[in-house]
Amino acid sequence: AAVREVGVEAGAVMKGVHSQGALAAREPAAFWGPLARDSLVWDIPYHTVCDYDFSQGKIGWFLGGRLNVSVNCLDQHVQKSPETVALIWERDEPGTEVKITYRELLETTCRLANTLKRHGVRRGDRVAIYMPVSPLAVAAMLACARIGAVHSVIFAGFSAESLAGRVNDAKCKVIITSNQAVRGGRVVELKKIVDAAVKNCPTVQHVLVAHRTDTKVHMGDLDIPLEQEMAKEAPTCTPESMDSEDMLFMLYTSGSTGKPKGIVHTQAGYLLYAALTHKLVFDYQPGDIFSCVADIGWITGHSYVVYGPLCNGATTVLFESTPVYPDAGRYWEMVQRLKINQFYGAPTAVRLLLKYGNEWVHKHDRSSLRTLGSVGEPINHEAWEWLYSVVGDSRCTLVDTWWQSETGGICIAPRPSEDGAEIIPAMAMRPFYGIVPALMDEKGNPMEENDAAGALCISQPWPGMARTIYGDHQRFVDTYFKVYPGYYFTGDGAHRTKEGYYQITGRMDDVINISGHRLGTAEIEDAMDDHPAVPETAVIGYPHSIKGEAAFAFVVLKDDVCDADTVISELRSAVAVKIAKYAVPDQIMVVKRLPKTRSGKVMRRLLKRIITNKAHDLGDITTLEDPSVITELLSTFQKYKDQQMNANT
């Protein structure tokens, strides 16, 4: 790809939703340029909207511009309405929520920023944040942004080894943590995990320790009591003026092989994209209570708990607990109590709650809800219908969103759209403004026709996209730009319908070829998940001597199922009827649970390793929520093989 520079088209006017979308795709600079100028608070205006070269993995937006992200998220709102609630901290125990105004959050952020500066943190330094979901964790992120430091939020549940690996890769100077975390009624000893990690982290000079509970913890030579130090600092801090393309944060995503990737996001483009998608996908209106129940340790928490909502001056909910604590009505009790207008969660949680029935939903008033959202993986039809009809009373807009850590924000979703445009269940549907998808065939050529399936790529840059992998730009180029030259490769497959809508079919390594028929595993899973006794399934391909590949299904049954054999027979029939006989899995094994990351994604590659007798080499499992599931699955698989062998003799 040649180096391309896009200039601003003067006088471009955005009229109506449809014309905006067309303009963003056709003339990205004419769309994003005025939007950035009018939406963000700048110290120095930019001179070039966009400059990129996909062949080199080079992306730059709003070049020459300078601003500060914390000013955009805090100061501008404090000037207008300081007592507006910025954060509602929904703590682990229901009914103990804490509200933080924009003025209070700015003061806390400034005190924390001054504390960091006093302890040697300078512009460009990396700071690890290993904390529970809390206002102080948000302030830590914003404090880094205020002084030009780069934050790396690490989910407060990773092991000491995983934490150390991420801290060392980023060469972090400081770790901010808490004595403990509280989640689902259980205590997690964060400080002890950090103590074990820092023994192997030579770059760490200080550990700032906040207190989530009253429990006292051992304080060593590196440790500093955070709240005590913050109390000594002024509630004001002059913000650093940052270049649009300076690093804002790093976030680690696990790779299928090798060490996790430190995805880098920069300042202006990321913030603008997070804010605009938050506003338009969820129909956010001033005064709304917006709730994304993701942990801030994941990109969803970064973009739709912190940066997007705060840039828009919204009230955003920080959810510390779990969907089933103290009972399966937790989400909906929270919706009633806080009068939440938008609810954004994951299909894995929806499927979990499905197992508990409708009574927990109907106990609570959900009339405040206007928009429901799904994130993390393609949502199956049964979960979509339950969320729409039971939770949303068939009156709320339900947006199934597709995006990635690397994209920075939502790329495909049913909204925004023309007023009243249809939403097709369990389908992401419409590219967001400026996102130009391309489906590639097996030979690497773009597929122009509709009713086609292929590798999902994006053909032009957008402001929110990642800029590199920290310390390994070549890996960034090889992973995202080399597979299909001239395009960003998402790693996902998609189907474009006759109408031109997009259906995500799952990771490309989750596409199986059965006797020449290419099938997304999500398609088979969807057919099986519709069974009332089945809350969750995972399907993978495995080598077959005749078909090339065959499907192996792992099936979780509801607790009250007595006759598993009948259910399995019905699942085979359902797949045959809904897809085709060739799509019926050769093997269906009932399991208690599936291996998932801490963000709720099923780790299908681990399932593949187990059934292909490669469990001795599982690759990177640092994001696995509960490693004991591996032993459990191996035992179940051995029993399954023994049963199959006995049946054949």
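Modeller: Start with contacts. Of those in the protein with a separation of 6 or more, 70% are between residues 24 or more positions apart. Contact means heavy atoms within 4.5 Å.

Biologist: How was the model made, and which parts of it count?

Modeller: This is a predicted model: local features need pLDDT of at least 70, side-chain atom pairs count only at pLDDT 80 or more, and totals for chains, interfaces and linings use all residues. Residues are numbered from 1 along each chain as its sequence is written, and side-chain values use heavy atoms, with hydrogens and water left out.

Biologist: What radius of gyration does the protein have, and what would a compact globule have?

Modeller: The radius is taken over C-alpha atoms, and the globule rule is 2.2 Å times the number of residues to the power 0.38. For 649 residues the rule gives a value near 26 Å; the protein has 24 Å, so the two agree. The C-alpha atoms fill a box of roughly 75 × 60 × 50 Å along the principal axes.

Biologist: How many of the residues count as buried?

Modeller: Buried means under 20% relative accessible area, exposed over 50%, partly exposed in between, with a 1.4 Å probe and protein chains only. By that cut-off, 60% of the 649 residues are buried.

Biologist: How many helices and strands are there?

Modeller: The protein has 19 helices and 32 strands. They are DSSP runs, numbered from the N terminus: helices are H or I with at least four residues, strands E with at least two.

Biologist: Why is strand S19 called largely enclosed?

Modeller: Five of the five residues of S19 (residues 315-319) are buried, so the rest of the structure largely encloses the strand. In a regular strand, side chains alternate between the two faces of the sheet. Thr315, Val317 and Phe319 are buried on one side of S19, Thr316 and Leu318 on the other.

Biologist: What makes S6 and S18 partners of S19?

Modeller: Two strands pair if DSSP finds at least two bridges between them. S6 (residues 85-90) has four bridges to S19 and runs parallel to S19. There, Glu90 stands opposite Phe319. S18 (residues 289-292) has three bridges to S19, also parallel. Phe290 has Thr316 in S19 as its bridge partner.

Biologist: Which hand does the crossover from S18 to S19 have?

Modeller: The chain passes from S18 through helix H10 (residues 299-311) to S19, and this β-α-β crossover is right-handed. With the strands pointing away from the viewer, right-handed means that the path from the first strand over the helix to the second runs clockwise.
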